[in-house]
Amino acid sequence: MAKVLLVDDAAFMRMRCAKLLQEEGHEVIEAANGREAVDVYLAQKPDAVLMDITMPEMDGLEALREIRARDAGAKVAMLTAMGQQSIVIEAIKSGAKDFVVKPFERERVLAAVAKLVG
Amino acid sequence: MTLQFDATESDLQLFLEEAAEQLRTLSDGLLRMERDDSDPLLIQAVFRAAHTLKGSSATIGHTNMAALTHAMESVLDRIRQGSLPVTTPIVDTLLQCVDALNVLNEEVNTLVPSGLAVDDLIRGLHGAAAAPAPEVQEEAAPVAVVATGAVEVIVAIDTSSEWPAVRAYQALMELAALGTVVASWPSEDELQKGESGHWLRVHLQTDRPAAALHGAAGSVSEVVSVTVTHPDASQVRQGTPDPEQTPDPDRRRVDLGTAARGASPDDQLAIAGQKLSTAQRMVKVDIARLDELMNLVGELVIDRGRLLQVLRELSARSGNDGALEHLSEITQHLSRVSDDLQEQVMLSRLLPVESVFNRFPRMVRDLAKKSQKSIRFVMEGEQTGLDRSVIDEIGDPLLHLLRNAVDHGVEPADERRGAGKHPEATLLLSARHEENYIVIEVTDDGRGINHQKIRESAVRKGLLSAEAATRMTDEEAINLIFAPGFSTAEQVTDVSGRGVGMDIVRTNIEKIGGTVRVHTAAGEGTTFSIKLPLTLAIIRALLVRVGEAIFTVPLAAVQETMRVRTDSIHTVHRREVVLVRGQALPLVRLADVFSRSGRKVQCDTPDWCYIVVVRSGRTDLGLVVDALIGEQEVVIKSLGGVLGEVDGVAGATILGDGRVSMIVDVAKVVEKLAARAAA
């Protein structure tokens with residue numbers, strides 16, 4: 001089972017997503033914006049990152065680039081909403097491995113994490 | 001006599017599925033082109049539909065269909081090139097051709113010849129295009145000459161993928177890392193713009209083994225198959241691409257055939273599997289059986305909740321215990337299985353209302369043309385899911401309402417101009433979710449319903465006395481249109497034409513547990529609002545505690561939850577609000593809503609409170625509660641005769657410990673707050 005960093009500014013989304021990851025036996029650490037995500041990532045070195053895109057302080061794309069710049073092996077999947085297709089293409093160019101569209105299905109999230117750490 | 005086509009039964013099934021899609025694209029696209037001929041992507045899509053249909057009908061040997069689509073393609077090509085303007089006669093002719101194609105397509109389904117001749121239509125197309133149509137040349141397709149040492153990789157993406165283009169882009173990047181991309185369809189540029197079907201075809205110069213390519217492209221989520229082919233050497237030498245080799249992701253069937261030819265036996269198996277899954281074998285199921293299934297799942301969900309509760313109690317009593325742990329595992333597995341089961345049953349009953357809405361644009365266009373009115377028809381929320389049983393029943397009432405709107409609601413252009421309105425009327429058909437209801441509305445901006453004329457007409461028909469008619473409020477008078485025996489709407493608007501008894505419309509809607517209401521304003525228009533219950537009996541919900549009681553808030557309405565200091569709640573104009581991200585969020589104490597007055601909210605810590613932010617329509621509202629308990633699937637039970645209608649309560653549910661919890665009707669609570677604010 002993996003240590004997953006969950007980044008989203010909406011506490012409710014974090015609650016739902018953390019719950020389903022924990023049910024699957026994953027350890028979940030959380031961050032509420034991109035800036036926090038970079039700090040937590042460097043301090044705790046999670047196995048995988050699930051990253052929201054639209055966030056205050058530092059957005060998901062910038063955080064992704066920052067994390068990948070400091071750890072080229074970082075495994076990040078984007079949590080995205082409809083209409084952000086072009087941003088996701090940017091994220092993939094910047095090294096994101098996968099994406100999950102909100103509102104997400106449980107299986108999609110779990111499969112994305114399994115793929116990141118597998 | 002039966003028809004013979006050059007394809008297996010499952011191939012024909014696939015042909016029919018795709019043809020249905022292309023016919024829809026043609027029909028919808030032509031209607032949109034008639035309104036706006038400046039969108040090259042739209043014209044391209046319509047052209048492509050005709051082109052693809054031509055290709056596949058020729059492949060199965062349906063000569064009539066191929067000839068007709070070929071002629072349509074010629075006309076569409078000239079429109080695409082800008083050498084032929086989109087005029088109503090041309091659209092009319094093309095639409096007639098689409099009607100004929102539907103008939104011809106049905107031949108494939110039934111194998112019974114329709115006797116339809118296409119010669120006249122083809123002549124009509126040439127005539128409509130005025131100038132003789134130039135001989136259509138095969139599209140100058142990118143020449144697929146494959147360089148020596150290159151392989152062709154075909155990647156199929158799950159049809160349920162939200163963004164196949166991004167997945168295809170990911171796969172392309174993975175492949176590009178293992179060699180040099182000679183060409184790809186769609187191209188990298190097209191993919192970045194989000195243009196893609198569910199297929200990617202790549203010519204890749206690489207020295208890596210096929211297994212490596214399989215692995216790389218297959219590592220992308222939602223990729224369902226990867227086929228690596230070494231192109232036929234003879235073709236490379238000749239340098240002339242086989243027409244069937246023309247890379248065109250729409251020509252799925254042909255693509256597969258070509259791919260299979262050079263593929264290894266394993267790959268061929270994978271391709272066959274792909275074909276089968278796309279062809280999707282259908283089974284007809286009695287709705288009564290689906291109902292029964294839904295009931296059984298409901299019972300299962302309740303039992304699961306109770307099982308979890310017992311488990312919690314047991315573990316609290318006896319601590320860690322091997323057998324208990326085992327039981328916990330089994331229960332978790334059971335939870336997952338019942339989750340999936342429930343979802344599948346629900347999904348099997350849901351259809352997007354699109355399947356009913358689809359036929360209306362064409363109908364409205366034709367009706368408007370016949371009555372010489374200019375009408376802009378707009379549809380919204382076509383993707384809203386509706387229970388299968390409801391879908392079957394809603395088509396006719398909607399058809400009648402739309403027809404009435406065109407015939408009687410909307411004024412002729414002259415009259416509209418005289419009234420200072422835009423000469424083109426707008427007719428809106430919309431569907432949306434509202435709590436446990438689906439609301440479908442038909443709105444026109446026509447002349448509105450004249451309540452005085454309705455009174456007079458009702459009296460004349462002997463439905464009620466003149467005295468009673470005068471005593472009625474205007475609203476009551478307007479509702480007379482739903483009375484049995486009120487017959488047609490002719491008398492209301494003095495416009496001749498067919499009118500459909502509105503009582504039949506109402507009866508049909510009430511039969512499926514819905515309601516219909518009418519709002520009208522003289523000179524401004526009329527809205528018929530149909531409210532249908534979701535017969536889906538299970539929802540996801542957030543359980544909250546208020547005092548001793550546990551309330552259930554449908555998760556669909558929940559935006560977020562938060563914990564705030566009680567001293568951050570302010571009173572503005574005698575209403576409680578809290579600031580959230582700089583915005584004042586109005587608060588409602590759940591305790592007050594259900595008149596459990598006389599007690600203060602008791603949060604777990606006196607200085608803190610929980611707020612559940614809910615939304616109805618465009619209004620956000622914070623529900624103040626004592627504590628959040630958690631998220632759970634609940635089975636809605638009607639309060640029925642036990643309590644009657646309770647304001648703000650949408651129903652009840654049975655919790656794991658057997659207690660009853662009220663389900664909060666968020667829309668009602670928001671409505672009440674708005675009413676209080678207005679007072």
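Predicted model: local features only at pLDDT ≥ 70, side-chain atom pairs only at ≥ 80, totals over all residues.
Residues are numbered from 1 along each chain as its sequence is written, and chains are lettered from A, with ligands numbered from 1, in the order in which they are written.

Side chains of opposite charge can pair when their charged atoms come close. Over all chains, 35 salt bridges were found (a side-chain nitrogen of Lys or Arg within 4 Å of a carboxyl oxygen of Asp or Glu). In one of them, A:R108 pairs with B:E162, with 3.3 Å between the closest N and O atoms. This pair joins two chains, because A:R108 lies in helix α5 (residues 106–117) of chain A and B:E162 in the loop between β1 (150–157) and α6 (164–176) of chain B. Helices (H or I, at least four residues) and strands (E, at least two) are DSSP runs, numbered from the N terminus. A:R108 is partly exposed at 22% relative accessible area, and B:E162 is partly exposed at 32%; buried means under 20%, exposed over 50%, and partly exposed in between (1.4 Å probe, protein chains only).

Within chain B, a salt bridge links B:K369 to B:D92, the closest N and O atoms being 2.6 Å apart. Since B:K369 belongs to helix α15 (residues 360–370) and B:D92 to helix α4 (residues 88–110), the pair ties together parts that are 277 residues apart in sequence. B:K369 is partly exposed, with a relative accessible area of 42%. A further salt bridge connects B:D414 and B:R417 (3.4 Å, N to O). These two residues are 3 residues apart in helix α17 (residues 413–418) of chain B, so about one helical turn separates them. B:D414 is exposed, at 59% relative accessibility. Salt bridges that share partners also join B:E34, B:D92, B:D99, B:R362, B:R365, B:D366 and B:K369 into one network.

B:K54, in helix α2 (residues 40–59) of chain B, is buried at 11% relative accessibility. The side chain of B:K54 makes a polar contact with that of B:E73 at 2.9 Å (a pair of N or O atoms within 3.5 Å; within protein, one must be able to donate a hydrogen and the other to accept it, and residues adjacent in sequence count only if both atoms are side-chain atoms).

The search over all chains found 0 disulfides (a pair of cysteine sulfur atoms within 2.5 Å). A:C17 is buried, at 1% relative accessible area, and B:C609 is buried at 1%.

Key. Heavy atoms only, no water.
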